[in-house]
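Me: I have a structure open and would like to learn how to read its features one at a time. Could you walk me through it?

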Amino acid sequence: MGVMIAGVYHVDDPAPDTSLDGAYRRQASTIRNALPNGPYEPGRFHLYAAWNCPWAHRVLLTRAVKGLEELITVAYARPRRTPDGWVYDTDGDYADPLFGVTALHQAYAKVDPAYTGRITVPLLWDRAENRAVSNESADLVRMLGTLEGYGLNLAPPDKLDQIDAWNDKIYPRLNNGVYRAGFARTQEAYEAGFHDVFTMLDEIEAHLATNRYLCGDDLTEADLRLFPTLARFDVAYHYAFRCNLRRLVDYPHLWGYARDLYSRPEIARTLKPEIYKAGYFSPSELRNPLGIVPLGPQINWAEPQDRASLASATS
């Protein structure tokens, strides 16, 4: 993944995420401002995103569930990263309607001509103040998910402790755990990530036997932070990242929960399995040197799921 140092884009990061012990450690986000006070006019914000990035997917889900489409425009990067990082067309579905950039690092250069940091999505831009708000997905999900006057509150005060507890467990063990397994460069580092992934999936599976969502009967931020990992699990992480003890479809409650979320049209619109495969099976010295994209698996997300009957049958 590319990086900018003092405003100059570099294809190769001189400080890679994989450390000398072979363990993968994700670099911290560098732009973490608060949203300005509202009210907001339509199109106030612009989001740089990519369909196959799970961190951007969190924010796209929040935008969809909260009904923020008129407030936040989106520039979707092309499905595969290139030596120039995330790139855009000059027109069409993969164009940037704000600055017309053809590579994401050009947008980061507008944050600061001497910007130093990773070139990642999501990145939220404030049109009115002409500045970047944040490139930290967790911050954006929380800020956008609690905006008043736009749909349900995804982090209500009475659920906040539960939400934070789930986030604190799921992020290191599962959301990032699949990357710790997939990007590991030693057997020991791979096994540590692998075991965390499936221990966390097992815990969530047991919890969902008696709960519709992570925090009971209400959809919350915690569910939207979990869903992108589930959406990519069988088509990407299971194969490309060697997280192959079990598939998502082998977990009856988790698979029913994932399809329950997918049954919401606003969530279904954000699911792009073929794009995930194209992205995760890009040429990679570590995982897929020839860049061959598999044709399978075929997964039926639309099959109806009666969660209540499933819970009753397995209790």
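This is a predicted model: local features need pLDDT of at least 70, side-chain atom pairs count only at pLDDT 80 or more; totals for chains, interfaces and linings use all residues.

Me: Is C243 buried or exposed?

Reply: Buried means under 20% relative accessible area. C243 has 0%, so it is buried. C215, at 1%, also counts as buried.

Me: Thanks! Now the aromatic rings. How is a pair of them described?

Reply: By the distance of the centres and the angle of the planes. In this structure the search finds 21 aromatic pairs. Take Y179 and F241: the ring centres are 5.2 Å apart and the planes stand at 70 degrees, so this pair is edge-to-face. Y179 sits in helix α5, while F241 is in the loop between α7 and α8, 62 residues apart. Y179 and F241 are both buried.

Me: What are the centre distance and plane angle for F227 and W301?

Reply: Their centres are 5.8 Å apart with planes at 70 degrees, so F227 and W301 are edge-to-face. F227 belongs to helix α7 and W301 to the loop between α10 and α11, so the pair ties together parts that are 74 residues apart in sequence. Both F227 and W301 are buried.

Me: Which residues do ring pairs link into a cluster?

Reply: Among them are W55, Y171, Y179, F183, F241 and Y280.

Me: And which charged end sits over the ring of Y276?

Reply: That of R232, 4.0 Å from the ring centre. K110 also lies over a ring face, that of F99, at 4.8 Å from the ring centre.

Me: Last topic, the sheet. In what order do its strands come?

Reply: The order is β4-β3-β6-β7, in an open sheet of four strands with mixed pairing. β4 and β7 stand at the edges with a single partner strand each, so one side of each has no neighbour in the sheet. On average, neighbouring strands are turned by 30 degrees against each other, direction ignored.

Me: How do β6 and β7 pair, and what packs on the sheet?

Reply: β6 and β7 pair in the antiparallel sense over three bridges, and L124 has S134 in β7 as its bridge partner. Helix α3 packs on the sheet, touching β4, β6 and β7, with its direction at about 90 degrees to that of β7. Helix α2 lies across β3, β6 and β7, running at about 50 degrees to β6.

Note on methods:
Residues are numbered from 1 along each chain as its sequence is written. Side-chain values use heavy atoms; hydrogens and water are left out. Two strands pair if DSSP finds at least two bridges between them. Helices (H or I, at least four residues) and strands (E, at least two) are DSSP runs, numbered from the N terminus. Axes are lines fitted to C-alpha atoms, for helices over the stretch in contact, and angles run from 0 to 180 degrees between N-to-C directions. Contact means heavy atoms within 4.5 Å. Buried means under 20% relative accessible area, exposed over 50%, partly exposed in between (1.4 Å probe, protein chains only). Rings of Phe, Tyr and Trp (its six-membered ring) pair if their centres lie within 6.5 Å; planes under 30 degrees apart count as stacked, over 60 as edge-to-face and the rest as tilted. A charge sits over a ring if NZ of Lys or CZ of Arg is within 6 Å of the ring centre and within 35 degrees of the ring normal.
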